[in-house]
Amino acid sequence: MPARRTFLSVPAACSVPASGNAAAVIHPLNQQFFRRVPVSCLCKLAVVVSLAMWTCAIPQAWAGFQPVSPEELKITSEPLAPGAAAIILYRQVDRDDNGKTSHEDTYVRIKILTEEGRKYADVEIPFLKRSEDVVNIGARTIKPDGSIVNFDGKVFEKTIVKAKGVKYLAKTFTLPDVQVGGIIEYYYTDDFREFALFDSHWILSDELFTKRAQFSLKPYKSSFENPFRLRWTWQSLPPGAEPKEGPDHVVRMEARNIPAFQTEDFMPPANELKSRVDFIYEEDFTGLEPDQFWKRIGKKRNGALEDFVGKRKAMEEAVAQIVSPNDPPEVKLRKIYDRVQKIRNTTYELRKTEQEEKRAKEKTASNVEEIWKRGYGDGMQLTWLYLALARAAGFEAYGCWVSDRRNYFFFPQTMQSEKLNANVVLVRLNGKDLYFDPGAAFTPYGLLTWSETGTKGLRLDKDGGTWIQTTLPASSDSAIARNAKLKLSDTGDLEGKLTITYTGLEAMYRRLENRNADETERKKFLEEQIKEMVPVASEVDLTNKPDWSSTEPPLVAEFDIKIPGWASNAGKRAMVPVGIFTAAEKRVFEHADRVHPVYFEYPYSKTDDVTIELPPGWHVSSVPNPQNQDGHVVVYKFKVEDLNGTLHVTRTLSFDVLILEQKYYTALRKFFQVVRTGDDEQIVLQPGTASALN
Amino acid sequence: MTSRLCCSPERRAPSTRQLLSLLGVAVFLLACVSPAAAGGDAPQWMRALVGVPLPPYDEKTDAVLLYSDTNVTVLSADKIRTHVREAYKILRPNGRHRGTAVVYINPQRKITSFHGWCIPTQGKDFEVKDKDAVEAAPNVQNGELVSDVKYKILRIPAPDPGNIVGYEYEVEEQPFFLQDSWEFQEADPVHESHYTLQLPPGWEYKASWLNYPEAKSRLSSNNQWEWTVGDVKGIRTEEEMPPIAGVAGRMLVSFFATGGSIKNGFADWRSMGSWYSKLVSGRTEASPPIKQEVGILAGSKTTALLKMQAIAAFVQHDIRYVAIELGIGGWQPHPAPEVYEHRYGDCKDKATLVRSMLSEIGIDSYHVVIYTERGAITPATPAHHGFNHAITAIKLPDGLSDPSLVATFQHPKWGKILFFDPTDELTPFGQIRGQLQANYGLLVTPDGGELVQLPQQPSAMNSVQRIARLTLEPGGRLKGDVDEVRLGDRAATERWRLRLVTKDADRIKPIESLLGSSLSSFRITHATVTNLQHTDQPFGFAYSFEADSYAKSAGNLLLVRPRVLGSKSSGILETKEPRKFPIEFDGPARDTDSFEIAIPPGYEVDDLPPPVDSDYSFASYHSKTEAKGNAIRYTRTFEVKELSVPVERAEELKKFYRIIASDERNTAVLKPVVAK
């Protein structure tokens, strides 16, 4: 069961300052998150404060603007960021986590290089009122001739969202007289709430190229009563940049020439690509090596898990209702899996209002027995129920926490336990490790939801656990099979029946997406998908009632389809292209330049089996040669046969790849060009009359 | 009223999706805070709706507005109280969004009560109150720095199919003008809707109906009138349809105080023009720095046209678009000296500054308020505040005539007028973009104002002229050079696209996208852009490319698609449901392609696709493929002549697009030359 179950615990609307803020325009809900110290910790911290009698009261205002450099004024472009609309000349972020007057000073200097770059003069600094305030704002414009226009306009406090004492606000202002060639700069202080500690993140990668950046963090001073210790990890830092702790225990870093962050299709999670340093305050587990750290985490989680699943007798009784003693092991596992998936899964229901929840009087289960008796649970609980039932059925089964690879990749050495955020069950059967997550709705037996596949995780046991890697399904496990029986009219229209069979994760995501939709919406959804597959306008009508509620059977949809004018005119001949349902491949990877690796969610395949009955009197003049491009992890092939007045076209496209380094992009692009070229190959027809399509 | 003058052409108003996204954040935040109050019974007016007989609705109807009652009480010229009750029956899961009630507020419009209820098909009613509401600001962006408009959002429990959700609120407003709009037609069908107007003694009203047959009012008590409509059809959006304001039924009602008032109910466009003229009054006066700037810009210019062009370019490019709209600031521009000093402003600020500067060279000009999409305001529209943009009308000096000044019209009193949009940085002085053409705007003049139609420019002024000289190799590779010249909006679109490019390496991407839409495989070997910044000059792309396997082999034949690049067809009318609304083009256009493909040595033309000549009053398409020596020459012309296609001619347009689609896929056949 993946991270989505923890959605409510992620304070998406509660972002607070982190060093990642320092773009000219700051978007509230990206990049940042913070860890709110539990209340118990706050209390402890409050005690410390009273004993320590700190004297410092308010954060210091920024010392002021830095001198204007004539060289900076002369800049008209940046060789390392050719074409940039603006660049950050200098950015400084200084954080002081003293616990009482914790604050973070941010200073940004931006060179405007084009008219478009002037938009960075509009500044918005979001903040959560109860946790922080933004104070000491100063700003100015340096015109291209070096003259200075100080910002003396109004700083607006904008309400983004306000509800029942929670206020998500933004300080916003715009700088005057901003011209191409000029420089804008501003500073502000995030003044954090007293007696709270927040994790901190230096996100170096910005929308703009950064010429130079300096960061510092003065950590909270740990004490016996408040044993919070800071540790930090980093990734993708520019050469020469590395956070270092000084003799004064302040962590500092300077970085230069940080490229602007670019977004591309099919790229890995942005969090993994950005240059960043993450600071984490820890109360427990301080000063441990990764092995020790994970051992403790594993033991702790295993303890919690065993408490939850340890209802052997109740589970044995339950299993007895599900399986027969004579069932082969695989059948037992399947029966248990099917039964668990039939239990009401609250994770996938529409979010209720508090009144509805109160009225429903549904309690959170504290163990698997309660789930079984009540007949509902959330996705995570149902997966653990499966574990308990599998064990009760006599299987060697383990609970595993794996890393959902939707937003992050996982590296144990960074010791970020929150990234082990999805639970699955490992069952050892006939010497093979099988992974299950019945709490992820519509996941067929033997598969995991895509973000849990091919990822690292911790198999829990009393000794702390063992690292595992979940299986990555083959492309054939998640397939789209299209079977069409069509007729070509003598006016060139193509019309007939189409049956599409979605299996594996292809069926799962469609069922999941439409789980709360009605028949009309589902019909529209499927028909739109077909229309998007055909490269020209088409008329599509769903004719059957697909099975939306099951998990195991493929999702089968049948359509009447008409593609007006599909055959093209070539004077006395007519042409029909090989590929009909190939529009999805038409525009992918059309750009030659690529910055990031290419990332697919899961391996998949598409197969087509199409027959086209020709109009009476027509015959086939020529068909393209068959193609077979087998690049091991990527395969494309098609074949066209003339069956006495009926064309038979088969096509296969499969992808058994998850991530490709940027250096392979050219080869991948070339592959797709070959696919498109193949799909565009023409079948030459000879109409019965001279020019039948007119 | 939410209408304001703040629109920048490339900057769109927040979409419904953005609003829903905002609501999502708000609702999430609401879920994080303290528990909601316990439910209470729905009021009697909602209870009465249970079991009300309804006509059959089709399976795509999300919900039906069972009952709507808007009660407007004009307390004085400075205070209007509006009480609203609405209840929906949810018919489909898609109708659940009706359980989120949204009321806009601002410092002049305060909400005094807000309640919501749900009557489920089973079980007790739910109730939510003011304190359960979330307050959220619209997701302003792209230069919209700050606005005082906010939303109060109430999430009503259980908005599930079969259930009835309803809400009731009251707002008190200090109006800028004495006018209201009863917008009774919406996306969902309406079973019954009422509007009641209570005026102070002696006051009068004027009601006008738009896009719907008039319902007669009923005097229900002393100076109180009522209107009722029922069984109003829902509006399902269609691609390229007119703006909602141009098709949805509504009633505009203006109020007039006894003996007149300083506030205006806009009896006619002239009175609205007077109101706006007063708002602008004095704000165009030039400060010494403005005078100095005009001296610098225009001093060395020898003609009035050159001076105007210099001023126009300054305001278009050197004044940054920033909108700060608080209170009347949504309508009233900042004084020109302030705009000049800050070097930023919104559309009305820019219009004000350009007027101020033009005045310094002795040229009169006026504000024009307008809606950014054609069709929202028509000659049949009564005077009201349904605008969202401001531009400038420049009174051209007598005798001034220049081919670059196209967006002009002859006003019987003010003479030759040139329309100019200083917010639109990509349309050159002398022209206006497509959506403003043939659109109606309020020309604000010293003696009031009048609704005028802006001119429609010749279609050739918005065009792509593409010429390709290409060579086909025996193996099927096509290579050669392409020159594209773009004018009007066709140029502005590419300039805008390139403006957003943040690194030089990405400048090739628009060309890659163009080629990618037509070629399965290609490699660009050279590309240049001309006149990217010079908006008064034609924009140009020049590029060379190679496309492997462009021609397909079929036995000993080579199959070549003569239409190498670009697409003019459209699938917007390929829908199951018949079209309900007219189709609106962005603007007039005329595109031409000329592709010459040298055929490989040893081959000759065997067969060519037939020519296409499709001519309708709204658009035309002509294409021809010819064999010329050792080359195939494909030429075509696509022209949009009328800006709107009425719904009864939608089938003709559909056929027109199919003809184009067919032509674009046609193939020429080459065969080996047979030795004689």
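Predicted model: local features only at pLDDT ≥ 70, side-chain atom pairs only at ≥ 80, totals over all residues.
Reader: Into which domains is chain B divided, and how many Å separate the centres of domain 1 and domain 2 of chain B?

Author: Chain B is divided into domain 1 (16–211 + 223–230 + 252–256), domain 2 (269–457) and domain 3 (460–672). Taken over C-alpha atoms, the separation between the centres of domain 1 and domain 2 of chain B is 37 Å.

Reader: Which element gives the most to the side of domain 1 of chain B that touches domain 2 of chain B?

Author: The contact draws 15 residues from domain 1 of chain B and 14 residues from domain 2 of chain B. On the domain 1 side, at least two residues each come from β7 (144–147), β10 (179–182) and β12 (204–210) of chain B. With four residues, the element that gives the most is β7(B).

Reader: Which element gives the most to the side of chain B that touches chain A?

Author: In this contact 67 residues of chain B meet 65 residues of chain A, and the chain B residues divide into 31 nonpolar, 17 polar and 19 charged. Elements of chain B that give two or more residues include β7, α9 (509–516) and α10 (650–665). The one that gives the most, with six residues, is α1(B).

Reader: Which residue of chain B does A:Lys162 stand opposite?

Author: Strand β6 (residues 156–163) of chain A pairs with β6(B) in the antiparallel sense, over two bridges. Within β6(B), the residue that A:Lys162 stands opposite is B:Glu135.

How values were computed. Residues numbered from 1 in each chain as written. Chains lettered and ligands numbered in written order. Domains from an automatic or database assignment. Contact = placed C-beta atoms within 7 Å. Nonpolar A, V, L, I, M, F, W, Y, C, P; charged D, E, K, R; others polar. Pairing = 2+ DSSP bridges.
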